[in-house]
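Open the model in your viewer and keep the selection panel at hand.

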Amino acid sequence: MQITEHIASLSEEGRLLAAAAEQAGPGASVPTCPGWQIRHLLRHTGMVHRWAAAFLTEGHTAYHPDGGEPDLDGAELLVWFREGHSHLVRSLEEAPADLECWTFLPAPSPLAFWSRRQLNETTVHRVDAESALGGPLTPVPATRAVDGIDELLTGFHARPKSRVRSDKPRTLRVRAVDTAATWTVRISEDPPQTVRTAGEGSAEHADCELSGTAEGLYLALWNRLPLTAVTLRGDRAVARLWTDNSAVTW
């Protein structure tokens with residue numbers, strides 16, 4: 001995806017998140033984030049938006065801590081969230097193409113990294129906000145879902161921080177039936193190694209395969225939908241290994 005597409009989608013996802021949060025109310029439970037209410041979701045996501053924007057506007061070339069979550073609630077919290085989201089979108093739109101700042105996953109450029117990362121951050125948390133309403137979720141286009149799966153499998157879980165490990169080597173295949181994308185995830189005592197291929201994927205044996213739409217896989221791999229939302233073939237224990245250990249801390 002192009003940076004401009006990421007930014008435009010980020011703008012819309014933040015709007016949808018705020019609208020769902022406003023409709024649900026600050027005290028509504030967020031089923032996809034046990035223990036959280038809408039107020040916690042807004043404080044967290046709004047903090048992340050401001051943290052990301054600071055790298056873009058202040059040009060930090062090393063890690064810079066976030067400013068913490070605000071002691072706000074209700075209408076004030078919504079205003080604060082919307083202001084921070086708008087500031088992030090403007091910061092991305094106005095950032096130079098040759099921007100130099102800190103990042104934490106491989107990307108073609110810092111601007112490409114932050115536009116993609118904040119789009120996926122906001123999309124997943126928009127799903128959280130809509131889950132509090134109990135109704136249908138706003139669809140995620142297949143191209144965006146594939147991009148999000150790529151970031152999760154080849155970015156986040158390629159890092160030493162990944163807790164998806166197994167004493168016995170295991171292979172998980174992820175196949176998006178509405179696109180040409182297939183991922184083969186090799187799980188061992190080391191961080192997972194993921195290879196993306198086209199079509200049916202590698203002829204290599206997979207202990208478990210998850211298949212479904214790109215959107216369904218994206219949300220299931222982020223633990224926002226249950227495994228029943230996709231088709232599972234093979235050893236369910238491998239899929240459980242993923243769901244039990246794949247929660248991301250940046």
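By class, how many nonpolar, polar and charged residues are in the lining of the largest pocket? The lining has 16 nonpolar, eight polar and four charged residues. Keep in mind that this is a predicted model.

**Stop 1: the largest pocket.** Select His44, Glu121, His125, Val248 and Thr249. Of the 28 lining residues, these lie nearest the pocket centre. The space here comes to about 630 Å³. Now colour α2 (38-58) and α4 (110-131), the elements that each give two or more residues to this lining. The largest share, six residues, comes from α4.

**Stop 2: the second largest pocket.** Select Pro106, Ala107, Pro108, Ala112 and Arg116. They lie nearest the centre of this pocket, which is lined by 14 residues. It holds about 260 Å³ of space. Next, show α1 (3-24), α4 and α5 (142-155); each of these elements gives two or more residues to the lining. Which element gives the most? It is α5, with four residues. By class, this lining has eight nonpolar, three polar and three charged residues.

Stop 3: Select Cys33. Is Cys33 buried or exposed? Its relative accessibility is 11%, so Cys33 counts as buried, the cut-off being under 20%. Move to Cys101. This residue has a relative accessible area of 9%, so Cys101 is buried by that cut-off as well. Do not look for disulfides in this model: the structure holds zero.

Key: Residues are numbered from 1 along each chain as its sequence is written. This is a predicted model: local features need pLDDT of at least 70, side-chain atom pairs count only at pLDDT 80 or more; totals for chains, interfaces and linings use all residues. Side-chain values use heavy atoms; hydrogens and water are left out. A disulfide is a pair of cysteine sulfur atoms within 2.5 Å. Buried means under 20% relative accessible area, exposed over 50%, partly exposed in between (1.4 Å probe, protein chains only). On a 1 Å grid over the protein atoms alone, a cavity is a set of points where a 1.4 Å probe fits but cannot get out, and a pocket is an open set with protein on both sides within 12 Å along at least five of seven lines; lining residues have an atom within 4 Å of a point. Grid points are joined across faces, edges and corners, and a volume is the space filled by probe spheres set on the points. Ala, Val, Leu, Ile, Met, Phe, Trp, Tyr, Cys and Pro count as nonpolar, Asp, Glu, Lys and Arg as charged, and the others, Gly among them, as polar.
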